[in-house]
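Subject: Structure for you to look at

Hello,

Here is the structure I said I would pass on. My notes on it follow below.

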Amino acid sequence: MSAHANVAPVIIKRKKVIKSGGHHGGAWKVAYADFVTAMMAFFMLMWLLNATTEQQRKGLADYFSPTIQINRVSGGGSGALGGDSIFSEMTLPKNGTGASASRAAAEEKARGSTGNDPSAEETLSQNQTFESLDAMLQGFGGESSVMENALKHINTRITDEGLVIEIFSIDGIPIFEGDTDTPTGLLHELAALISGISVTVTNSMAIGGHVRAQPVVLAENTVWALSQQRATQMRLILEELGIEAQRIERVTGHADREPAARNPMAVRNDRLEIILLRDTS
C-alpha cells in the first residue's frame, strides 16, 4: 500500500480539434463588388458605343480632351471663359462654332438659341389663340343636348406642336362603321364643329389616324392600312366643309402603336387627331 502512494498521478489532457475553417474576413466581398462594378461599367460602355453615332462619340471625346482652346469663340456660352453651353448637343468646339444666336452650330442640331425660334411673346400669343379656339369649341356644347353629347367624343390639349383635337369612339357609339373607314353621322357632326373653328385661323393642319389592336389570330392585320384610310377620310370631310387642301400638311396612319387606353383592343383607341399646327413663319 505504501509503494502505490508514492506514484505521481497521471494527468490526461484532451485537445479540442476544430476541423472546419474559421472566419476568413470579408475582403473577398470587396473584391467581388469591385469586379461586378467593373463589369457593369464595361457593359455600359459597350452599349453606349453601340447606341451613339460617330459624331456624338467625337463630341464626347472633344469634351474630355485637354487640348481644346479656351477663348471667346470656343463655345456657345457667354461666361468669362467663353465656355460651352450645357444645353447644346453639337457645339463643335474645335472649329469655334457654338450654339448661340450670333454663331449657330454648323449642323443646326444644337438645342441652343439659333435666332430662328419664336420668341416667348409669339409663343404666348399662339397659346392664347389656341385657348380661344378650345373655348369656342367647348361653347358649342351649350347649344343643344345633341351637341353636348357629341362633345363627349372630343378631347383637346395644347402641345409644343399646336392645338391637338382628339376625336374618339365610345362603347356603342363609334365614329366609324365597324372595322371600316366608313364615317358615321357622328363623325360628320364633329368634323363640322372642328371646321367651324378652324376657318377662323390660318394655321396649317395635320391629321393622324389611330385604331385599336386586332386579335393576333387574324391571318391579315390591317391596322396600318385602316388607320391611314380613316385619316384620309377625315381629310376629305374637312375639305368638303371648306378647309383648303393647302392647309393640310400631312395625313398619317399610326396603326395601333400609340394606344390611348391600357387595353390595346379597347374601343377608346379608335380615334383621330386633328392638329392645328403652330405658325413658325
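Threonine 184 counts as buried, because its relative accessibility is 9% and the cut-off for buried is under 20%. Please bear in mind throughout that this is a predicted model. Threonine 184 sits in the loop between β2 (162-168) and α6. A polar atom of its side chain lies 3.2 Å from the backbone oxygen of proline 174. Setting aside neighbours within four places in sequence, the contacts of threonine 184 are Pro174, Ile175, Phe176 and Glu177.

Next, the chain as a whole. There are seven helices and five strands, and along the sequence they come in the pattern α-α-α-α-α-β-β-α-β-α-β-β. The chain has 281 residues, of which 30% count as buried. Taking contacts between residues at least 6 apart in sequence, 62% join residues at least 24 apart.

Then there is the helix pair α6 and α7. Two packed helices are described by the angle between their axes and the distance between the axes. For helix α6 (residues 185-198) and helix α7 (residues 223-240), the angle is about 55° and the axes are 10 Å apart. The crossing of α6 and α7 is right-handed.

Which residues in α6 and α7 meet? On the α6 side they are Leu187, His188, Ala191, Ile194 and Ser195, and on the α7 side Met234, Ile237 and Leu238. Sorted by class, this contact of α6 with α7 has six nonpolar residues, two polar ones and no charged ones.

One of the α6 residues in that contact is isoleucine 194. Isoleucine 194 counts as buried because its relative accessibility is 0%. Apart from neighbours within four places in sequence, isoleucine 194 is in contact with Ile165, Ile167, Met234 and Ile274. Of these, Met234 belongs to the α7 side of the helix contact. Isoleucine 194 and leucine 133 are 61 residues apart in sequence, and their C-alpha atoms are 9.5 Å apart in space.

Is aspartate 270 buried or exposed? Aspartate 270 is buried, because its relative accessible area is 7% and buried means under 20%. Its place is in the loop between β4 (248-253) and β5 (271-277). The side chain of aspartate 270 reaches the backbone nitrogen of arginine 212 at 2.9 Å. Not counting residues up to four places away in sequence, aspartate 270 touches Ile167, Phe168, Ser169, Ile175, His210, Val211, Arg212 and Arg230.

Most residues other than glycine have a negative phi. Alanine 255 counts as buried because its relative accessibility is 1%.

Regards

Conventions
Residues numbered from 1 in each chain as written. Predicted model: local features only at pLDDT ≥ 70, side-chain atom pairs only at ≥ 80, totals over all residues. Heavy atoms only, no water. Axes fitted to C-alpha atoms, helices over the stretch in contact; angles between N-to-C directions. Helix = DSSP H or I, 4+ residues; strand = E, 2+ residues; numbered from the N terminus. Left-handed = near helix turned anticlockwise from the far one by under 90°. Contact = heavy atoms within 4.5 Å. Nonpolar A, V, L, I, M, F, W, Y, C, P; charged D, E, K, R; others polar. Buried < 20%, exposed > 50% of the residue type's maximum accessible area, 1.4 Å probe, protein only. Polar contact = N/O pair within 3.5 Å; in protein donor to acceptor, adjacent residues only side chain to side chain.
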